Amino acid sequence: MTNHEYTAPAVHPVSGIRQFGTILCYELKGCLFNKIFIGFTIFMIAAIAVITFFPRIWQLIDGSSSSKNPAVTAQQDGQPTDPVPEQDGQPTNPVPDTDEELPVMLVSSNTAEHTQLLQESFPAAFADYQVEFTDISLDEIKSQILEEKAACAFVLDSLTSYAYYVKDLSMHDQNTTIANGLLSNIYSTDIMMRAGMTAEEAASVLAVNMEHKTVNLGKDQAQNFFYTYIMIFALYFVILLYGQMITTNVATEKSSRAMELLITSAKPVSMMFGKVIASCLAGLTQLLAIFGSAFLFFQINASYWDGNQLISSLFGMPMWLLVYMLVFFVLGFLIYAFLYGAIGSTVSRLEDVNTAVMPVTMLFVIAFFITMMALANGTVDSMLMKVCSYIPFTSPMAMFTRLAMSTVPSYEIAVSIGVLILSVIGVGVVSAKIYRVGVLLYGTKPKMGAVLKAMRKV
């Protein structure tokens, strides 16, 4: 391994700022005009447009097809339609007799004293069947079901014991569930009547309506779940995508020896910070374009989504939650981007990029899975999540999830953000030193000890 010691030349602060601005503009332009960046952004905006405009488009299609109805067309063309029978001098629509179309349900009961209640209750509970009470034998009931003269049958030994007969039991068959509730009510009514209550009194007791209200003194987890879910996934994909991009760009410049030319006209620190900040701005621009378009398209079609509470609530994110989302997103992106940039400076070959970034990627993936498991299980205030709220590599997702899904004291949020800001600055400084040394280390991948030794000379 060939190690080139590098001592940064003294550069005037104004000159350093200009260098940073030049590199930032160059890198940002490269990110924003990247074909993959543009293509993915356009694809996402188009997909969101199709989804948000779908109810409007479907209504137009459905409206145009209904206008082709023969009866409607005939009326529009002035053609006579089929005569409608009149009743009491007023035209009425014919009501088809659907009794013959309904499947037959046989009911056989050995409880003669409850026959009247059963005859009143079963047809009302099973409105999709033509309920017929019978006293034929069990063999005849089975024969009718096998011959498909009847769809099913209930044979009652008592109000608490019966047999249900059907030819082919469907996985969606809910008849026994309905019958259990029905017979339970009849049994309760019978007990009350035997105790001296009238049928009306017993019915009023069984039909009592329970009134309740929910008073939420904290956060509505059901409502904020989708905000949190989207933010965590957005942070996950952006960090992995742009972090890998930073590492690859740095490694490409270094492997092509372009880095040696660049550092003669710009400080390595300005180069790294320019790349990281440019990637962060590009990621924010992409997210703002996607989510901004989604919000705009939803506002245009808001009236078509009134019946969908999920979609309507998704675009009703509180402003305070959006502010926290941006804060944790930017800080979380920066702390990982600095690490990716520093690691990229120590790689001499592109083939080693994936291996080099694996520890940082695994750290981020672990933080992601801890947060998602807590979010799925509803344990956002567990001890593990509280601890992760103060660890800078996990707090961008953990603390945001906690404050969105539960009530978190203000001082805890302030401490978490403060620790995260200090960590970003610290990681940025250390990463800048690694970058300054790493860009001039060629050959095999340098060991951490060699990097630290070289950093002390900077």
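**A pair of helices**

In this predicted model, begin by selecting helix α12 (residues 319–345) together with helix α15 (residues 395–405), which pack at an angle of about 170° with their axes 9 Å apart. Angles over 145 degrees count as roughly antiparallel, and α12 and α15 are therefore roughly antiparallel to each other. To see where they touch, show the side chains of W320, L321, Y324, M325, F328 and G332 on α12, and then those of S395, P396, M399, F400, L403 and A404 on α15, for these residues make the contact. Coloured by type, the residues of this contact divide into 10 nonpolar, 2 polar and no charged.

**A patch on the surface**

Next, select F54, I57, W58 and I61, which form a nonpolar patch on the surface and together have about 440 Å² of accessible area. One of these residues, F54, can be found in helix α2 (residues 35–66).

Finally, turn to the salt bridges, of which the count comes to 4, and select K167 and E148, a pair whose closest N and O atoms are 3.1 Å apart. K167 lies in the loop between β7 (161–166) and α6 (175–194), while E148 lies in the loop between α5 (138–146) and β6 (152–158), so the pair ties together parts that are 19 residues apart in sequence.

Key
Residues are numbered from 1 along each chain as its sequence is written. This is a predicted model: local features need pLDDT of at least 70, side-chain atom pairs count only at pLDDT 80 or more; totals for chains, interfaces and linings use all residues. Side-chain values use heavy atoms; hydrogens and water are left out. Axes are lines fitted to C-alpha atoms, for helices over the stretch in contact, and angles run from 0 to 180 degrees between N-to-C directions. Helices (H or I, at least four residues) and strands (E, at least two) are DSSP runs, numbered from the N terminus. Angles under 35 degrees count as roughly parallel, over 145 as roughly antiparallel, 65 to 115 as roughly perpendicular and the rest as oblique. Contact means heavy atoms within 4.5 Å. Ala, Val, Leu, Ile, Met, Phe, Trp, Tyr, Cys and Pro count as nonpolar, Asp, Glu, Lys and Arg as charged, and the others, Gly among them, as polar. Patches are made of residues with over 30% relative accessible area and no salt bridge: like charges are joined within 9 Å, nonpolar side chains (Val, Leu, Ile, Met, Phe, Trp, Tyr) within 5 Å. Accessible areas come from the Shrake-Rupley method with a 1.4 Å probe; for residues, only the protein chains shown count as cover. A salt bridge is a side-chain nitrogen of Lys or Arg within 4 Å of a carboxyl oxygen of Asp or Glu.
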